[in-house]
Amino acid sequence: MHTRTRRQRRLGAVAGTALGAMLVTGCVASERGEDSGDAAGTFVFAASAEPVTLDPAFANDGETFRVARQIFEGLIGVEQGSADPAPLLAESWEGSDDGLSYTFDLKEGVTFHDGTEFNAEAVCYNFDRWHNFEGIAQSPSASYYYNNLFKGFAGDEGAVYESCEAPSENEAIVHLTQPWAGFIAALSLPSFSMQSPTALQEYGADDIGGTEEAPSISEYGSEHPTGTGPFTFSSWDAGSQVELTAYDDYWGEQGDVTDVIFRVIDDPNARRQALEAGTIDGYDLVSPADTAALEEDGFQILARDPFTILYLGINQAVPELQDVRVRQAISMAIDKEQLVNQTLPEGTELATQFIPPVVSGYNEDVTTYDYDVDAAKALLAEAGIPEGWELTFNYPTNVSRPYMPNPEEIFTVLSTQLSEIGITVVPQANEWGEYLDIMQGSSDHGIHLLGWTGDYNDTDNFVGVFFGQPSMEFGFDNPELFNALTEARGTATIEEQLPLYEDINQMIAEYIPAVPLAHPAPSLAFSERVGSYPVSPVNDEVYNLVELND
């Protein structure tokens with residue numbers, strides 16, 4: 001691909017205002033002034049959870065990425081309002097005919113927040129850093145995206161990255177060991193943001209401790225994140241909030257926002273009350289039950305296009321779950337329509353597979369296991385599963401995700417449905433960070449709730465990430481599926497990939513490594529003070545594009 005189009009962000013439209021919202025505007029300004037001393041340009045956003053780390057190379061969660069998108073930028077961004085890749089720190093790029101090399105023309109006049117120049121050497125430093133992670137840094141709980149997308153580290157057979165060279169200040173060439181059609185789109189992930197080589201070294205960015213299941217954050221990742229984005233890191237008050245300040249030497253448009261406060265409010269009701277009280281300007285993951293009432297009170301509700309998947313994971317490390325008849329029975333026990341109607345936002349679509357319908361490779365004729373309690377019971381009996389069989393059901397607490405705004409409610413509905421086919425659910429609840437560590441870093445779990453907000457429009461970003469290799473989350477080893485995904489990912493064009501991914505979606509439907517439940521449509525809420533907000537289906541929402549009313 002080759003392009004020289006400058007990055008343009010199309011601002012999302014914001015709905016109208018009302019007197020109720022206008023009345024709280026003064027309260028917002030007052031509260032914000034107490035926090036930052038600069039009320040006019042301070043934008044206060046309620047996060048549903050604390051970031052896991054401020055080093056996006058070691059993150060895969062949305063709240064970390066939300067902060068990271070303000071501090072960091074990658075070579076590739078996302079076209080505003082879509083999931084498609086667009087120039088960012090690379091103004092253009094060109095792939096070789098054999099798909100093994102990509103040449104990036106870099107934006108000039110860009111500096112990291114510590115004054116370090118952004119150039120081709122910095123690009124190569126970052127690629128080499130990821131490739132040479134060692135020890136705990138290589139664990140899936142740490143470098144999740146590099147693990148899944150680059151398929152290994154230095155010395156590993158099958159690792160996709162080969163090398164990087166910097167023939168000039170503003171030209172970097174990345175060499176791969178094999179073709180990868182989704183390489184450019186993947187670079188729009190915050191995990192592959194460019195970071196200051198100076199700061200990474202000075203503050204020991206790779207010196208993470210803890211265990212493979214629960215890595216700890218480095219000094220860099222907690223106190224010194226250093227990118228090229230429109231906002232610099234100011235402070236992180238653990239459990240409370242993260243504060244950012246506009247970067248004076250930012251290369252692009254600075255916008256209305258001078259200070260950002262991410263206030264951690266994990267309870268959806270508390271987020272709504274904070275908006276109503278005027279202590280925040282907006283929040284994400286609005287509870288489906290709150291949208292109508294907030295609109296009636298004059299607040300603005302913005303909905304993202306659904307680019308998500310919520311699924312019920314099935315861990316085949318549990319012996320009984322290795323029997324496909326048991327997995328079929330669990331799938332047939334679920335009344336997805338009831339689940340959506342009772343727990344998920346308006347606009348949510350029922351899921352039959354693990355990609356939204358707009359993603360390439362969606363199979364209209366995929367095998368489904370429709371709701372049928374009697375058939376599910378018969379399958380369990382055929383598999384020798386006794387009535388009352390106890391099955392651990394893991395779910396997170398005190399967190400909302402774009403694909404899962406209310407996990408406790410979803411758990412309750414699904415548990416009731418499973419009980420109707422004779423399964424006795426053993427609930428296991430954990431806080432979000434611990435929950436992810438258990439799902440991704442250990443085999444000690446049963447069925448579980450998780451999902452995905454698509455990062456870019458690439459089929460491998462969904463099914464490849466989930467099922468492209470053995471993982472502790474799903475606990476199976478299926479070389480046929482892994483090889484099919486590897487072949488599809490390594491083709492040169494989307495046209496070549498299309499029939500391969502249609503077949504893969506059918507293969508997954510028959511194998512049932514998890515049950516696709518729904519494609520939820522996340523909603524955001526804002527006060528009248530917010531004039532415009534850059535809504536993105538992949539959450540690529542950078543706050544220098546927020547417009548604040550006077």
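Which residues does His445 touch, not counting residues up to four places away in sequence? The model discussed here is predicted. In it, His445 touches Asn315, Val318, Asn394, Ile438, Met439, Met472 and Glu473.

## The loop at His445

His445 belongs to the loop between helix H14 (432–441) and strand S17 (447–453). Its relative accessible area is 5%, so His445 is buried. A polar atom of the His445 side chain lies 3.2 Å from the backbone oxygen of Ser442.

## Helix H2 and its cover

Of the 10 residues of H2, 9 are buried, and the helix is mostly covered. The buried residues are Glu63, Thr64, Phe65, Arg66, Val67, Ala68, Arg69, Gln70 and Ile71.

What lies over these buried residues of H2 includes H4 and several strands. Among the strands are S1 (42–47), S8 (231–237), S9 (241–246), S10 (259–264) and S11 (282–284).

## Enclosed space

The structure has 2 cavities of 30 Å³ or more. The largest cavity holds about 390 Å³ of space. Its lining is made up of 28 residues, and those nearest the centre are Asn60, Asp61, Gly62, Tyr403 and Thr453. Helix H2 (62–71), H4, H14 and S17 each give two or more residues to the lining of the largest cavity.

Which element gives the largest share of the lining of the largest cavity? The answer is H2, with 5 residues.

## The largest pocket

The largest pocket contains about 600 Å³ of space. It is lined by 25 residues, and Tyr102, Ala181, Gly182, Ala492 and Ile494 lie nearest its centre. The elements that contribute two or more residues to the lining of this pocket are helix H5 (183–186) and helix H17 (494–511).

## Aromatic rings

How many aromatic pairs does the structure hold? There are 43. One of them joins Phe43 and Phe45: the ring centres are 6.2 Å apart and the planes stand at 40 degrees, so the pair is tilted. Both Phe43 and Phe45 are buried. Phe112 and Phe118 form another aromatic pair, which is edge-to-face, with 6.1 Å from centre to centre and 75 degrees between the planes. Phe112 has a relative accessible area of 0% and is therefore buried. Phe118 also counts as buried, because its relative accessibility is 2%.

Two arginines lie over aromatic rings. The charged end of Arg327 sits over the ring of Tyr511, at 4.8 Å from the ring centre. Arg489 lies over the face of Trp180, 4.1 Å from the centre of the ring.

## Two partly exposed positions

Gly158 is in the loop between helix H4 (144–150) and strand S6 (161–168). Why does Gly158 count as partly exposed? Its relative accessibility is 37%, and the partly exposed class runs between the buried limit of 20% and the exposed limit of 50%. Leaving out residues up to four places away in sequence, Gly158 touches Phe150, Lys151 and Gln178.

Glu171 is found in strand S7 (residues 171–176). With a relative accessibility of 25%, Glu171 counts as partly exposed. Apart from neighbours within four places in sequence, Glu171 is in contact with Thr103, Phe104, Asp105, Leu106, Ala120, Glu165 and Ala166. The C-alpha atoms of Glu171 and Asp290 are separated by 50 Å, and these residues are 119 residues apart along the chain.

## Positive phi angles

Ile512 is not a glycine, yet it has a positive phi of about 55 degrees. Ile512 is placed in the loop between H17 and strand S18 (514–519). Is Ile512 buried or exposed? Ile512 is buried, since its relative accessible area is 4%.

Asn539 is likewise not a glycine and has a positive phi, of about 65 degrees. The loop that holds Asn539 runs between strand S20 (530–532) and strand S21 (547–548). Asn539 counts as buried at 16% relative accessibility.

How values were computed: Residues numbered from 1 in each chain as written. Predicted model: local features only at pLDDT ≥ 70, side-chain atom pairs only at ≥ 80, totals over all residues. Heavy atoms only, no water. Phe/Tyr/Trp six-rings, centres within 6.5 Å; stacked < 30°, edge-to-face > 60°. Buried < 20%, exposed > 50% of the residue type's maximum accessible area, 1.4 Å probe, protein only. Lys NZ or Arg CZ within 6 Å of the ring centre and 35° of its normal. Helix = DSSP H or I, 4+ residues; strand = E, 2+ residues; numbered from the N terminus. Polar contact = N/O pair within 3.5 Å; in protein donor to acceptor, adjacent residues only side chain to side chain. Contact = heavy atoms within 4.5 Å. 1 Å grid on protein atoms, 1.4 Å probe; cavity = no way out; pocket = protein on both sides within 12 Å on 5 of 7 lines; lining within 4 Å. Points joined across faces, edges and corners; volume = space filled by probe spheres on them.
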